[in-house]
Amino acid sequence: MVTSYPFDVPRLVIAAPSSGSGKTTVATGLMAAFSERGLAVSPHKAGPDYIDPGYHALATGRPGRNLDAFMCGPELVAPLFAHGAAGCDLAVVEGVMGLYDGAAGRGELASTAQVAKLLRAPVVLVVDASSQSRSVAALVHGFASFDPQVRLGGVILNKVGSDRHEVMLREALEEAGMPVLGVLRRAPQVATPSRHLGLVPVAERHSDALASVSALAAQVRAGCDLDALMALARTAPPLDCEAWSPHAALRRHTAPRTQAHGPEQSPDRGDAPVVAVAGGAAFTFSYAEHTELLAAAGAEVVTFDPLRDEALPPGTSGLVIGGGFPEMYAPELSANEPLRAAVAAFAAAGGPVAAECAGLLYLGRSLDGKPMCGVLDADARMSERLTLGYREAVAVSDSALAQAGTRLRGHEFHRTVVEPGAGAAPAWGFTHPERRVEGFVQQGVHASYLHTHWAAEPSVARRFTEAARRFTEAAAARR
């Protein structure tokens, strides 16, 4: 569906002075509270984070979508937003880190402030007021005046300790001329559990997550002026952009042609190849646009759960294993020997496999000493060191995913180490912020720690789908 422009939907960006201020609490609570009013709410997350959008989806019943100006480019932020928000009554965008924090050394790039400006959206600042009173006015004044193009429409005070504390905060902000749109008291009963990479994903605690989202909605409904917030959202002017479309994106980006993988094929030629996408509690990291692009390229996308399913979906001709937390489920993944054998056999037959981060670990020989699929001659283990940050990368080797020389931006986010870190044919060469090669390309397998967003380079989806189609045709010819 391509939405005509100018594109007009009420919208808010939920930001904060720093991480840990309560953005996810407020954004998820607002999404759920407005959804309970019968509104169609479009949920969005600035930055690359996979986990928060899972809670957003639970709150709204719609896919949580990321808006990342580093990985996709600033020019795609508004079109991707319009794609997700089409037909909705309200859009809520949760920010990343502090309002003005972005890609290291790149100014405002990929910051919440940049996303707010690209969307022409008013910003609501969530302030952790637990250790301040009148100083809150100076803090908010600084954030409101730092960039005149960022329109700060009001404040939600979080972790307020008492009625007296609230009065002092309101008086200070009234002096500063900043509307207070909500006040939330300390509420440990709605805290969401976290671990080494952030919140525990929804797929691992679905019933508890539902209860948490319901409690957040109740807290926000009681503490925030929803009518004033909706009125602020309606002040956002129309966006002069055309909504992103997977079909239109594929038409604009043709697949690279290489001798190794043959010429691009028409996506409607022959039967749709089945592309199996790993899901379930161990593999929760994915961007909604990836499966949309695969489907637009002509694939039949089928989800499977490596924790439960003992075989790949019937007719699988392509395999996508994204990110997640396999380290939390290493014994269970290892115990599913039939599926491990099926994945190994598929890869050995030359089937196209795209594996990111968790998928890389699953394809290795072992993970924390537990046998995995054995597709790659590499072993993985947990580490105390967090590897985190944006990367600029170039494909080193031709693969089913990318032609050598293809440039993409992505991010790394893990506390594991794979030894060796790269195969004889590496997947990527990083050009920024450090220079090194990483990942593995062998037969049809492309495996790497790097998370990418295919909307930035839609030809990746077409290339992979056509590799899956060719694999199916070759298998049929041998029969």
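Modeller: The model is predicted: local features need pLDDT of at least 70, side-chain atom pairs count only at pLDDT 80 or more, and totals for chains, interfaces and linings use all residues. Residues are numbered from 1 along each chain as its sequence is written, and side-chain values use heavy atoms, with hydrogens and water left out.

Colleague: What makes residues 337-348 a helix, and what span is expected of H12?

Modeller: Helices (H or I, at least four residues) and strands (E, at least two) are DSSP runs, numbered from the N terminus.

Colleague: Which residues of H12 are called buried, and why are they said to line one face?

Modeller: Buried means under 20% relative accessible area, exposed over 50%, and partly exposed in between (1.4 Å probe, protein chains only). Leu339, Arg340, Val343, Phe346 and Ala347 are the buried residues of H12. Seen down the helix axis, they fall within an arc of 125° (taken from the directions from the axis to the C-beta atoms), so they line one face. Glu337 and Ala348, on the other side of H12, are exposed.

Colleague: What makes H1 a mostly covered helix?

Modeller: In H1 (residues 23-36), 11 of the 14 residues are buried, among them Lys23, Leu30 and Phe34. Just after H1, glycine 38 takes a positive phi of about 90°.

Colleague: How do you know that E10 and E11 pair?

Modeller: Two strands pair if DSSP finds at least two bridges between them. Five bridges join E10 (residues 274-278) to E11, and the two run parallel; the pairing therefore meets the definition. In one of these strands, E11, valine 302 is the bridge partner of alanine 276.

Colleague: Why are E11 and E20 called edge strands?

Modeller: The open sheet has six strands in the order E11-E10-E12-E13-E21-E20, with mixed pairing. E11 (300-304) and E20 (440-442) each have a single partner strand, so one side of each is left without a neighbour in the sheet.

Colleague: What makes you say that H12 packs on the sheet?

Modeller: Contact means heavy atoms within 4.5 Å, and H12 touches E11, E12, E13 (353-356) and E21 (445-448).

How values were computed. Expected span 1.5 Å × (residues − 1). Axes fitted to C-alpha atoms, helices over the stretch in contact; angles between N-to-C directions.
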